[in-house]
Amino acid sequence: MIIYNVTTNIHESVHDQWLNWMQQKHIPEILATGKFSSARIVKVLIEEEMGGTTYSVQYTTDSKETLEKYYQEDAPSFREEGQRLFGDKMLAFRTELELISEH
């Protein structure tokens, strides 16, 4: 299993709008691509020097190949929408994780 992790720091001035957009529109639309089996959003509890609130959204998928298809077919339009809506009020970085075991 592969976890596609998107960590985002969101400025307080757009926090509520962003969180609502993530939960009501963005995450459901990403899941609707059929490339991910689940998603969860978690709040990072460590305060950042830059301020704002940081979240991690973790999408699970079956393989690196499926994730690559997402990058090619879907990611550009999703990233563009976030940038258009929130611009420099949002700072995101992405990591890919491979699940080794669960206990």
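A nonpolar core is a set of buried Ala, Val, Leu, Ile, Met, Phe, Trp, Tyr and Cys residues joined through side-chain atoms within 4.5 Å, where buried means under 20% relative accessible area with a 1.4 Å probe, protein chains only. The model is predicted, so local features need pLDDT of at least 70 and side-chain atom pairs pLDDT 80 or more, while totals for chains, interfaces and linings use all residues. Residues are numbered from 1 along each chain as its sequence is written, and side-chain values use heavy atoms, without hydrogens and water.

The largest nonpolar core holds 22 residues, and Tyr4, Trp18, Met22, Phe36, Tyr59, Leu67 and Tyr70 have the most contacts inside it. At least two core residues each come from strand 1 (2-10), helix 1 (15-31), strand 3 (53-61), helix 2 (64-73) and helix 3 (75-86). Helix 1 gives the largest share, six residues. Helices are DSSP runs of H or I with at least four residues, and strands are runs of E with at least two, numbered from the N terminus.

Leaving aside residues up to four places away in sequence, Tyr70 touches Tyr4, Ile30, Lys35, Phe36, Ala75 and Phe78; contact means heavy atoms within 4.5 Å.

Along the sequence the pattern is β-α-β-β-α-α-β, in total three helices and four strands. Of the contacts between residues at least 6 apart in sequence, 74% join residues at least 24 apart. Buried residues account for 41% of the 103 in the chain. The C-alpha atoms fill a box of roughly 35 × 35 × 20 Å along the principal axes.

How values were computed
Buried < 20%, exposed > 50% of the residue type's maximum accessible area, 1.4 Å probe, protein only.
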